[in-house]
Amino acid sequence: MKALKTLVVSMLVLLPLQVLAEVVVVVSNDSPISTISESRLRQVYLEGAGQVDGQRVTALDLSEENRVREQFYKQALGKTPAGMKSYWARMIFTGRGAPPRSVSGVHEMQIMLENNPDFIGYLPGNQVSSGLKVIYRLP
Amino acid sequence: MVLSSRRTVSVRRLFDACFCYSLAMWWRFATMHNNVNIDFFGGLVAAITCEVQEYYEDKMRLPRGLLWGAVWVASGGAFASDAASLNDLEERLYRLEQDATSTSPSDNWTDRVSINGFVTYGLTRHNVHEKQGAGIFPNPEQGKPFYYLDTLSDEVSHRELSRVGLQFDVKVNDRTSAVVQILGQAIDNYDAEVQWAFVDYELLPGLHWRGGRLVLPTFMHSQYLNVGYAYHWAALPSEVYGTVPFDTFDGMDLTWSVNTGPLSHELSAFYGGVDLEDGDPPVTVDYELRNYMGANLRSSWGSLNSWLSYTESTFTADFASLGLPSASLDKEVLASGSIGLGYDNGSFMLMAERSYYDSDNWIPDRWGGYVSTGYRFGKWMPHLTWGATNSTGLGEVLEEGDPAKVFLAQQSMVRSKSWTYGLRYDLAPGVDVKLEAQTFYDMSTSSYRQEGANLNGMFTSSVSAGEIDTDDPTVYRLSVDAVF
């Protein structure tokens with residue numbers, strides 16, 4: 001009984017930690033972009049690239065297995081991983097587009113974004129490195 | 001003896017050479033393999049490894065490259081305790097990623113070519129076990145099963161739904177690309193046919209011209225008809241997608257992608273022609289469709305999307321080979337179109353489409369439509385679809401009474417309604433399993449003309465087959481789809 005109580009209490013304490021960190025959309029400090037609207041963010045990630053404040057940006061993705069990617073697509077586009085895969089199957093096999101380039105991890109995402117102001121990406125809120133600025137916070 | 005020792009030396013040399021070669025090939029294969037883009041989104045990793053290889057090959061430092069590769073893989077980056085070497089690796093990585101992201105043409109074909117594919121394996125049958133009758137006209141298929149869409153019987157078929165497609169995308173330069181998609185269908189013994197083969201040129205940002213062989217954009221899902229993974233059904237609703245018997249044309253299209261505020265649009269126009277041969281030799285009919293043109297608009301706004309299309313062509317066919325010369329068609333106008341709406345917020349899905357097909361002479365006009373809804377519970381998605389189709393506009397032909405025209409018209413008339421109960425399960429990223437049952441009802445066109453009317457919807461068009469007695473004629477489907 002005591003063990004059960006301990007378990008319940010520890011779960012109650014630990015549960016909030018299970019909630020994933022906030023995801024933010026970032027660009028290089030050198031980019032003129034300071035903010036992006038939800039709908040434009042959606043368009044950029046559905047087309048792989050797009051114009052933001054007159055600036056051409058190319059979208060970057062984290063790898064498919066990455067939980068942050070799953071969270072990003074769920075919150076920003078309302079899409080599941082299978083839903084996105086299905087969407088890109090429709091685009092690729094009709095010759096209408098190709099998915100954003102994926103980078104291997106958070107660290108690679110930081111490096112890519114820091115060094116090229118034409119890229120747009122997303123990161124966990126606590127992984128924004130000094131060369132990057134946040135232009136959108138997912139709800 | 002001398003010979004033997006020389007042989008030993010040469011064998012040893014050969015061994016050394018093979019060892020070096022296999023190391024090199026191993027490296028090459030490892031990188032090539034990635035470049036074939038097995039992972040849908042994994043192009044970057046592939047490009048990086050490839051660049052690593054290229055870099056070292058350039059410098060003739062393959063062994064060191066292998067060493068670095070091994071260190072890189074084994075340490076996973078994170079275990080590199082030495083900060084200096086980590087920075088070095090980062091810098092290297094950045095440079096390589098930059099190279100990989102450069103849009104300038106590369107001499108390395110693996111950077112410019114991507115290969116994607118789709119495959120479906122499906123089982124299907126229906127539950128109408130009765131045989132076709134004799135009827136008022138002689139029925140050449142008397143005693144045979146009723147065939148749904150001309151081919152499917154009450155025996156389990158592995159061939160109806162099974163197919164495979166392979167697509168090669170080649171980036172020629174910044175603005176030009178070439179795409180070839182080959183499709184093999186089990187029903188055609190996997191004889192490969194080219195579905196797409198075009199050159200794409202970006203005239204202006206967002207404005208693309210394509211020329212070659214393209215898939216007809218007749219209805220909302222027509223252009224990815226064969227990519228099972230792209231939709232939730234095991235087979236697209238036949239009420240709409242069973243109405244046009246050909247799917248590709250030779251010609252060109254022009255597509256403009258534009259965003260207006262939160263709305264995204266793709267406006268496309270196309271022009272070309274279709275040539276096809278139907279029937280079994282020696283009794284074949286050549287169909288010629290000229291001035292095949294049309295336009296369509298695909299829009300999306302958040303979870304909402306819409307589709308609007310119109311297509312027109314002139315149709316010529318000589319039916320003399322069938323012994324029905326009076327029914328031959330000479331530049332008859334065919335027009336078709338559809339309007340579609342969809343909502344998908346990631347869990348709840350609702351989709352509807354209404355299509356029509358109008359033509360002159362004895363070809364019946366026909367409309368079709370469906371409404372489909374589903375809900376995703378994690379990896380499971382149960383869905384429900386209602387569909388209907390009907391042929392109209394034949395009063396004049398039937399009254400006129402030319403026997404050849406009446407015969408063909410009545411064979412071509414279809415009336416049908418159905419309920420489809422389906423379940424889709426996401427097995428793994430890029431792989432799904434689908435289970436489906438489509439139950440048909442209201443399939444008789446006898447209200448047009450009692451004698452010789454098609455009574456069986458899409459189960460057989462033979463006017464002499466007799467009416468199906470089976471309660472709830474149902475088509476069952478089980479399929480596995482993958483994209484890669």
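Reply: Of the 139 residues in chain A, 38% count as buried, a residue being buried if 20 or more other C-beta atoms, placed from the backbone, lie within 10 Å of its own. The model is predicted, so local features need pLDDT of at least 70 and side-chain atom pairs count only at pLDDT 80 or more, whereas totals for chains, interfaces and linings use all residues. Residues are numbered from 1 along each chain as its sequence is written, and chains are lettered from A and ligands numbered from 1 in the order in which they are written.

Chain A contains 5 helices and 6 strands, which are DSSP runs numbered from the N terminus (helices: H or I, at least four residues; strands: E, at least two). Along the sequence their pattern is α-β-α-β-β-α-α-β-α-β-β. Among contacts in chain A with a separation of 6 or more, 67% join residues 24 or more positions apart; two residues are in contact if their C-beta atoms, placed from the backbone, lie within 7 Å.

Chain A also meets chain B: 29 residues of chain A are in contact with 35 residues of chain B. On the chain B side, the elements giving two or more residues include helix H2 (43–58), helix H4 (83–101) and strand S1 (113–126). H4(B) gives the most, with 5 residues. By class, this side of chain B has 17 nonpolar, 13 polar and 5 charged residues. Here Ala, Val, Leu, Ile, Met, Phe, Trp, Tyr, Cys and Pro count as nonpolar, Asp, Glu, Lys and Arg as charged, and the others, Gly among them, as polar.

Notes
A residue is buried if 20 or more other C-beta atoms lie within 10 Å of its own, exposed if 12 or fewer, and partly exposed in between; C-beta atoms are placed from the backbone.
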